[in-house]
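Here's a friendly walk through the structure shown below. Keep the 3D view open and follow along, one part at a time.

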Amino acid sequence: MRSAIVSRPLDPAALLDEVSGISNGASILFVGTVRNINDGRDVTGIDYAAYLPMAERELAAIVAEATERFRTPDIVVEHRLGHLALLDASVVIAVAHPHRAAAYDASRYIIEELKRRVPIWKREEYVDGTREWVGTAGTQKVESRRQ
Amino acid sequence: MTITTLLFASYADALGIESLRLDLPEGATVDDALEQLRTMPGGERLPPAPLVAINLAYARTDSRLSAGDELAVIPPVAGG
């Protein structure tokens, strides 16, 4: 069981190696990557930022929960910060378990909790050169109507 | 008492600052701290009930603060 928030490129194959073992019949590798369209806008890259000490703590807590809930110690998660280009991996979750159902469930649990709880933010860059924090545009629209 | 307040992402952009010290009366709550932030330029862009954390753990906005606490005001998270 391990988690890390890093500023270097992620190596999914290395994480898969790290969790594999002779007692595990199933390994699930989830790779989150930067895609080219979000909400209909052409994205050229993403800057990831975090409240690092809390993000590390929250991610470690999620991995510990998954370990307990799905009964496997073989979980490794890394999330990358900084500037990422299209296709770059932003998050990698490797889970291995004796059986596939629990491995799938653990992988899904970790990504959903990560998205809900870990204080990480992304600022998308668009073809026209503008940049915007994701998840806040709606709020700002509401507020600007109020003014 | 003095607490450290951290702002991130869109909230840091709104107020033009990432970290500041706030002077608050003893027994003050997170809501009191947020009220002070809202009087600052750009502070009106903070939502009515933002996510907050005290000393690295999520907290409620009616939580009491203690001297030396680190209060983080957390925009909607978007990891992954």
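This is a predicted model: local features need pLDDT of at least 70, side-chain atom pairs count only at pLDDT 80 or more; totals for chains, interfaces and linings use all residues.

## The open sheet in chain A

Let's begin with a sheet. Chain A has an open sheet of four strands in the order β1-β5-β7-β2, and its pairing is mixed. At the edges sit β1 (2–6) and β2 (26–33) of chain A, each of which pairs on one side only.

β2(A) pairs with strand β7 (residues 89–97) of chain A in the antiparallel sense, over eight bridges. If you want a spot to look for there, V31(A) stands opposite V92(A) in β7(A).

## Helices lying across the strands

Helix α2 (residues 52–70) of chain A lies across β1, β5 (75–80) and β7 of chain A, and runs at about 155 degrees to β1(A). Helix α3 (residues 100–117) of chain A lies across β2, β5 and β7 of chain A, running at about 150 degrees to β7(A).

## A closer look at α3(A)

With 18 residues, α3(A) reaches 26 Å from its first C-alpha to its last, close to the 26 Å expected at 1.5 Å a residue. Which residues of α3(A) are buried? They are A103(A), A106(A), S107(A), I110(A) and L114(A). These residues cover an arc of only 95 degrees around the axis, so they end up on the same side of α3(A).

What do the buried residues of α3(A) pack against? Their partners are β2, α2, β5 and β7 of chain A.

## Chain A as a whole

Time to zoom out. The secondary structure of chain A comes to four helices and nine strands. Starting from the N terminus, the elements of chain A go β-α-β-β-β-α-β-β-β-α-β-β-α. The C-alpha trace of chain A spans about 60 × 30 × 25 Å along its principal axes.

Chain A has 147 residues, and buried ones make up 33% of them. As for contacts in chain A between residues at least 6 apart in sequence, 75% join residues at least 24 apart.

Next, bring chain B into the picture.

For a last stop, pick out A53(B), whose place is in strand β3 (residues 51–54) of chain B. Is A53(B) buried or exposed? A53(B) counts as buried because it has 21 C-beta neighbours inside 10 Å, and the cut-off for that is 20 or more.

Leaving out residues up to four places away in sequence, A53(B) touches M54(A), Y58(B), A59(B), A72(B) and I74(B). M40(B) is another story: A53(B) and M40(B) are 13 residues apart along the chain, and their C-alpha atoms are separated by 20 Å.

Key:
Residues are numbered from 1 along each chain as its sequence is written. Chains are lettered from A and ligands numbered from 1 in the order in which they are written. Two strands pair if DSSP finds at least two bridges between them. Helices (H or I, at least four residues) and strands (E, at least two) are DSSP runs, numbered from the N terminus. Two residues are in contact if their C-beta atoms, placed from the backbone, lie within 7 Å. Axes are lines fitted to C-alpha atoms, for helices over the stretch in contact, and angles run from 0 to 180 degrees between N-to-C directions. A residue is buried if 20 or more other C-beta atoms lie within 10 Å of its own, exposed if 12 or fewer, and partly exposed in between; C-beta atoms are placed from the backbone. The expected span of a helix is 1.5 Å times one less than its number of residues. The arc is that of the directions from the helix axis to the C-beta atoms.
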